[in-house]
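Here is a short walk through one structure. Keep the sequence and the 3D view side by side as you read.

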Amino acid sequence: MQLGKFRAFLIVYVIAAIVSANMGIWWQSMLTFAGITAIASLGMDLAIGYAGQITLAQPAFVAIGAYSSAILTTRYDVHPLLGVVVGLVIAGLLSYLLAFPLVKLRGFYFGLATLGFAEIVSVINHNAIPLTGGTQGITMIPYLSIGPFVFDSALKQSLLVWLVSVFLVFLCLRLGNSRVGRAYRAIRGDEIAASVRGVDIRAYRVQAVVICGLFGSLAGSLQAHIVTTVCPESFGLALLIKYLAIIIVGGLGTFWGATIGAVIFTILPEILPVPLDFNPLIFAVMLGIMLLYMPNGIYGAVSTMLRRFRLTYIIKWKS
Amino acid sequence: MDIIQIIQVLVLAVSLGCIYALAGIGLSLVVNATRIVNFVHGEFVMIGGVMTSALYWWAKWPLWVAALLTISVVVILGVGTERLLIRPLWKRQAAPLSFVMMLMAVGTFLDNTVMLCTDRATLSLPSFFSKSVSSVFMGVSIASQAPWIIAGTIAIALGLSIFFDRTLIGKCMKACAVNRDAAILIGISVDRMTTISFGLAAMVGAIAGILITPLTAVSFTSSAGFLIKGFCATVIGGMGNIKGALVGGLVIGILDAFGGCYVSSVYKDIFVNGFLILILVTKPAGFFRSVVG
């Protein structure tokens, strides 16, 4: 484990922890939501940005994680951690079943198929009242707890969520440097060339989508236990646009970009003096502008700038 | 299950199917020219219906004036999207991913704008034929809008086939679809063909939206459904094949109507989406010869 890499995560986490501890409830809850969004966006960044698979079903997997946790902990008195695990298993299974038959499709078609799947899950969320509570959703979800330690305050929640989030970024960066990461980059660059060199296209494509689904489910479960309610409205297309905007604005394929983007897109709606309904509009406009003028995102632009001014020692030191 | 009811549902199925076929044709037009699946097409259809309804009910304009203005606005939207947003990505030779995200951004932008302008309302129009929603024809009660929908669809399909087979521009567009580089070599302005295809698709979509609004009310949330069902129709019929899209649309219409009426009206979207995934898994090339690879 290179020391340089590890230092970056410690620093980020320490900063988040200090901000949480000293800046009051508003910052703590903001950071918590940013962290949850970052986890889900990280999955998208890995599947879309790194491996090039256009998967648009992430809101569905977030919903699966959230509803699994909610249903198991409220109706069957299951321990929250076990609920999280069950959510992960269900999401992993569904994403595998979704991806495996569809991997032979090209980008647009695969994206639309995943969109269809997301719509199916959305319809079930809205209408399967005995299971999901319909449009009312599920309330009174208990907090997460590990043994006697209950994550009930905003401070504890933000520390936990950021620990998980930073750890997952670390994991993704390690993945990027491994054989799997090189396979993903090869597939994204040119599938035919990659398969000629012996990369198992099908397996890696499915794997990327499954990992994305797992991240989403984890984010959903965390959200369920922190907000303590789930309702179907929050898992729609607006969430998808938010994730897409995050990974583009942050920087496609750069895992820190997902975190940066998540923080931006969580805080931005709060400080802008426009009503909440305008949110998807603003996200969409930012996504479009970034796509046209800054396709490498903030992380890409910053690292390009640093490289141009020969400040690369900062890059090397940070990551 | 008496025969009268089955016929009624069948008429509904054919009506819906025609609209989905039109949506599919619009998608096919863009795919033919650019190989891009136009994720914004659902919004074209939706805006066609919503804007006409809004102008008719709130601004009290006559129906035909509202319809014409709406079609013009949607065509401008389509052409504007292509010129300002798709063209730069195209010049940059961006990956399909960028197109998908750009189109989704535009789609969300339009959805949200409509939501804010209509104040989240669900809008509908009176039938073109008569004042009543449904009329009785030989003992069968059918929606008055149905003949208009079917006639409109046939007219558009005929018009498009004449356009593509008899006019110079239409033949140029077909050439673009078959082999883009060869078309450039011949001297066809492929950029202009792309713009025309977007505009044409927008027009077809807007007309489809206007035709269906008396039958099923539309709101800002309807766009995703139109996109998925139109895409389904195109996939079944073979990407780029207009006659195939007609058949595909009818299949989806039948699935939608019979599934909604006889199985469950709440979950009928699941059938269509599930069918889409099933088709993509088993026969993504469609059942007819597709023009584009």
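**Helix against helix**

In chain B, α10(B) passes α11(B) in a right-handed crossing (left-handed if the near helix is turned anticlockwise from the far one by less than a right angle, right-handed if clockwise). Helices (H or I, at least four residues) are DSSP runs, numbered from the N terminus. This is a predicted model: local features need pLDDT of at least 70, side-chain atom pairs count only at pLDDT 80 or more, and totals for chains, interfaces and linings use all residues. Residues are numbered from 1 along each chain as its sequence is written, while chains are lettered from A and ligands numbered from 1 in the order in which they are written.

Helix α10(B) spans residues 242-263 and helix α11(B) residues 268-282. Their axes come within 8 Å and cross at roughly 150 degrees. Axes are lines fitted to C-alpha atoms, for helices over the stretch in contact, and angles run from 0 to 180 degrees between N-to-C directions. That makes α10(B) roughly antiparallel to α11(B) (angles over 145 degrees).

Which residues of α10(B) meet α11(B)? They are Ile252(B), Leu255(B), Asp256(B), Gly259(B) and Gly260(B). Their partners in α11(B) are Lys268(B), Phe271(B), Val272(B) and Phe275(B). Contact means C-beta atoms, placed from the backbone, within 7 Å.

Now turn to chain A. Helix α11(A) (residues 237-250) packs with helix α13(A) (residues 279-293) at about 35 degrees, with axes 9 Å apart. This crossing is left-handed.

Finally, confidence. Chain A averages a pLDDT (the predictor's confidence in each residue, from 0 to 100) of 86. In chain A, 95% of the residues score at least 70.

How values were computed. Helices (H or I, at least four residues) and strands (E, at least two) are DSSP runs, numbered from the N terminus. Angles under 35 degrees count as roughly parallel, over 145 as roughly antiparallel, 65 to 115 as roughly perpendicular and the rest as oblique. Two residues are in contact if their C-beta atoms, placed from the backbone, lie within 7 Å.
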